[in-house]
Amino acid sequence: MNTLDKISHETMVFMRGKYKLDEIGDGKDELKFKQGSKTILTIYIREDRFTFLIIYGKKERECYELQKENFSQYIYDYYDNAKTYHDGKWMFIDVTTMEQLEEVKKLIQIKKRPNRKPFPKEGAIYSQCGQRCDLCVHYVGTTEEQRAMMIEHLDKMWGNSDWSMRCEGCYSMNCYCKDDPCNAKGCAPTKGLKECKECVEFPCIRATSADYRSMIHTEVHYADEITWGMLPYVPWQYEL
Ligand code: SF4
Ligand code: SF4
């Protein structure tokens with residue numbers, strides 16, 4: 001992965017792990033994270049960077065001023081030069097490094113406190129790469145009632161309508177990928193490991209549901225689609 005890919009992936013890990021928000025893309029180059037009609041964050045996809053738009057109202061500006069020493073000159077410049085309109089201070093911040101992203105994450109947390117309620121860990125059953133089998137639509141232990149609720153969201157998330165495959169979990173003989181190992185299962189033995197959870201790189205992008213839906217995108221996915229269609233398949237995003 002190049003640096004922009006890493007920024008893209010880490011942004012989604014952060015936003016989905018911390019927040020339960022609708023992801024509203026424009027099909028071209030823009031992704032908004034929204035709660036109802038309120039936009040928390042807008043990301044513009046550019047060839048050589050991502051531009052994050054965060055708008056601070058009066059309360060957020062006061063909060064930022066109190067925490068100012070936690071930010072670098074890079075952020076000071078954006079903040080000081082941002083224009084303030086009737087609805088707040090519009091900061092368009094270019095991000096090209098992971099360090100800049102870490103600062104932007106702090107700005108986002110001033111904009112909105114994390115609102116993702118993690119699933120409890122009691123009863124958790126993990127796959128070898130850290131996915132939550134017990135929250136998976138395919139898992140044999142998932143009740144029909146739970147499956148019906150999930151399928152409504154999974155259909156939208158994945159554009160699929162057949163969720164009939166049942167699986168007894170990653171360690172079982174009927175795991176759906178036992179004959180054609182997933183990336184994560186294929187990779188661990190090449191490192192002399194039994195499974196990803198032993199790896200210093202865990203959870204890496206290969207050990208997640210790492211297709212383009214794990215990256216900054218321009219599709220439309222509502223918060224419940226992310227909750228049921230994505231997070232069970234991305235290690236640790238559901239857990240504090
Ligand atoms: S399909 Fe994957 S995540 Fe779902 S139960 Fe089977 S091994 Fe676990
Ligand atoms: S590099 Fe990633 S896929 Fe490979 S063993 Fe480590 S965590 Fe698993």
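These legends describe close-up views of a predicted model.

**View 1. The shell around ligand 1.** Ligand 1 is surrounded by Gln131, Cys133, Cys136, Tyr139, Cys167, Gly169, Cys170 and Tyr176. Six residues of this shell are nonpolar and two are polar. No charged residue belongs to the shell around ligand 1.

**View 2. The shell around ligand 2.**

**View 3. The cavity at ligand 2.** The largest cavity is the space that ligand 2 takes.

**View 4. Helix α2 against helix α3.** Helix α2 covers residues 58–67, and helix α3 covers residues 73–81. The two pack at an angle of about 150°. Their axes are 13 Å apart. Angles over 145 degrees count as roughly antiparallel, so α2 and α3 are roughly antiparallel to each other. The crossing of α2 past α3 is left-handed.

**View 5. Helix α2 against helix α4.** Helix α4 spans residues 98–111. Its axis and that of α2 come within 9 Å. The two axes cross at roughly 135°. That angle makes α2 oblique to α4. Here α2 passes α4 in a right-handed crossing.

How values were computed
Residues numbered from 1 in each chain as written. Chains lettered and ligands numbered in written order. Predicted model: local features only at pLDDT ≥ 70, side-chain atom pairs only at ≥ 80, totals over all residues. Heavy atoms only, no water. 1 Å grid on protein atoms, 1.4 Å probe; cavity = no way out; pocket = protein on both sides within 12 Å on 5 of 7 lines; lining within 4 Å. Sits in = over half its atoms within 2 Å of the grid points. Axes fitted to C-alpha atoms, helices over the stretch in contact; angles between N-to-C directions. Helix = DSSP H or I, 4+ residues; strand = E, 2+ residues; numbered from the N terminus. Parallel < 35°, antiparallel > 145°, perpendicular 65-115°, else oblique. Left-handed = near helix turned anticlockwise from the far one by under 90°. Near = heavy atom within 4 Å. Nonpolar A, V, L, I, M, F, W, Y, C, P; charged D, E, K, R; others polar.
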